[in-house]
Amino acid sequence: MNLILFGPPGAGKGTQADFLNKKYGFAKLSTGDMLRAAVAAGSPLGLQAKEIMAKGQLVSDDIMIGLIRARIQEPDCTKGFILDGFPRTVAQAEALDQMLMAEKKRLDHVIELQVNDSELTQRICGRFSCKKCTAGYHDTFKRPLKDGVCDECGSTEFSRREDDNASTVAKRLDAYHAQTAPLLPYYDKENVLISIDGMADIEIVTRQIEEIIGGAGKLAAN
Ligand code: ADP
Ligand code: ADP
Ligand code: ZN
């Protein structure tokens with residue numbers, strides 16, 4: 001099962017991808033996570049990406065396509081993968097189609113999480129994650145069961161993304177509407193696009209996704 005979770009920043013892609021990864025074993029390929037790891041490591045790619053990300057702009061298609069091309073061939077993708085944050089431009093979508101064809105793989109579903117801009121800003125500005133295991137939380141919508149302690153690993157250290165501030169969020173939403181939303185008609189034409197209500201509670205969104213992946217999801221879990 002190969003999926004794209006599609007939607008603006010803060011829509012809930014990472015939250016849902018983590019759940020699907022844990023339950024079904026599909027690899028989570030988050031380009032945002034990959035870039036942040038490169039920035040933290042101070043690699044040449046990280047140095048290049050750092051400023052672009054701080055400005056809320058998109059890293060070049062060449063870099064992103066290279067990252068995903070290598071990742072899709074890793075053994076943990078054989079059961080399936082979930083793309084989170086890729087593709088973000090038509091050029092990336094076209095490159096992805098070519099890569100999948102070369103690998104004899106295909107996209108089963110592109111699932112769009114629909115959320116309006118004011119809810120997105122609220123979600124992004126309250127987002128934080130566990131420093132140790134990267135589990136995601138929210139000040140209001142997804143607090144750890146015990147305040148200050150990660151549900152998943154028990155760590156007490158959390159971090160917030162530098163680009164999760166109101167001014168960068170506005171730029172990221174602009175980039176989404178201008179460069180990424182045009183992919184919706186692209187995938188609609190390929191007959192793989194399904195849009196769901198991303199405004200609903202986390203568990204309800206999960207249920208909608210599980211309905212879409214249905215039997216194949218259960219198969220992969222065996
Ligand atoms: P969000 O989770 O808020 O949607 P991401 O973590 O996916 O944001 O991305 C953070 C930043 O990393 C983006 O603002 C952009 O600068 C860069 N980035 C991530 N994925 C891509 C991509 N596919 N193409 C270009 N830039 C990307
Ligand atoms: P994305 O990966 O699309 O940028 P995230 O999964 O990181 O989005 O979610 C953004 C923030 O909103 C996180 O703090 C997360 O806990 C919270 N969140 C995710 N889904 C929902 C939801 N359905 N309702 C309320 N808050 C949510
Ligand atoms: Zn943790």
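Before I start, one definition: helices here are DSSP runs of H or I with at least four residues, numbered from the N terminus. You will need that for the helix numbers that follow. Also, this is a predicted model.

I'll begin with ligand 1. The helix that matters here is helix 2, residues 31-41, which supplies the largest share of the shell around ligand 1, at 4 residues. In total there are 19 residues around this ligand, and those that come nearest are Thr31, Arg36, Gln57, Gly85 and Arg172. By type, the shell of ligand 1 splits into 7 nonpolar, 5 polar and 7 charged residues.

Now some individual contacts of ligand 1. On the backbone side, valine 59 has a polar atom 3.1 Å from a nitrogen atom of the ligand. From a side chain, glutamine 92 places an N or O atom 3.0 Å from a nitrogen atom of ligand 1. Arginine 161 also uses its side chain: a polar atom there is 3.2 Å from an oxygen atom of the ligand. As for cover, ligand 1 on its own exposes 560 Å², and the protein buries 97% of that.

Next, ligand 2. There are 18 residues around ligand 2, and Gly10, Thr15, Arg127, Tyr137 and Ala200 come nearest. The shell of ligand 2 contains 7 nonpolar, 6 polar and 5 charged residues.

Which element gives the most to this shell? It is helix 1, with 3 residues.

The contacts I picked for ligand 2 are from the backbone. Glycine 12 has a backbone N or O atom 3.0 Å from an oxygen atom of ligand 2. For glycine 14, the distance from a backbone N or O atom to an oxygen atom of the ligand is 2.8 Å. Isoleucine 202 has a backbone N or O atom 3.4 Å from a nitrogen atom of ligand 2. The protein covers 92% of the 560 Å² of accessible area that ligand 2 has on its own. The elements giving two or more residues to its shell are helix 1, residues 13-24, and strand 6.

That brings me to the metal, ligand 3, a zinc ion. Which residues coordinate the zinc ion? The SG atoms of Cys130, Cys133, Cys150 and Cys153 do, at 2.3 to 2.4 Å. The site is tetrahedral, with angles of 102 to 115 degrees among the 4 donor atoms. Along the chain, the donors follow the spacing C-x2-C-x16-C-x2-C. Take cysteine 130 and cysteine 153: this pair links distant parts of the chain, 23 residues apart. Cysteine 130 is in strand 5, residues 127-130, while cysteine 153 is in the loop between strand 6 (136-138) and strand 7 (158-159).

Are these two cysteines buried or exposed? Cysteine 130 has a relative accessible area of 2%, so it counts as buried, the limit for that being under 20%. Cysteine 153, at 27% relative accessibility, counts as partly exposed.

The zinc ion has its four cysteines, Cys130, Cys133, Cys150 and Cys153. That's what I have.

Note on methods: Residues are numbered from 1 along each chain as its sequence is written. Chains are lettered from A and ligands numbered from 1 in the order in which they are written. This is a predicted model: local features need pLDDT of at least 70, side-chain atom pairs count only at pLDDT 80 or more; totals for chains, interfaces and linings use all residues. Side-chain values use heavy atoms; hydrogens and water are left out. Donors are N, O and S atoms within 2.8 Å of the metal (3.2 Å for Na, K and Ca); water is not among the atoms, so sites may look incomplete. Four donors count as tetrahedral if all angles lie between 85 and 135 degrees; four count as square planar and six as octahedral if opposite donors are over 155 degrees apart and all others between 65 and 115; anything else is irregular. Buried means under 20% relative accessible area, exposed over 50%, partly exposed in between (1.4 Å probe, protein chains only). A residue is near a molecule or strand if one of its heavy atoms lies within 4 Å of it. A polar contact is a pair of N or O atoms within 3.5 Å; within protein, one must be able to donate a hydrogen and the other to accept it, and residues adjacent in sequence count only if both atoms are side-chain atoms. Accessible areas come from the Shrake-Rupley method with a 1.4 Å probe; for residues, only the protein chains shown count as cover. Ala, Val, Leu, Ile, Met, Phe, Trp, Tyr, Cys and Pro count as nonpolar, Asp, Glu, Lys and Arg as charged, and the others, Gly among them, as polar.
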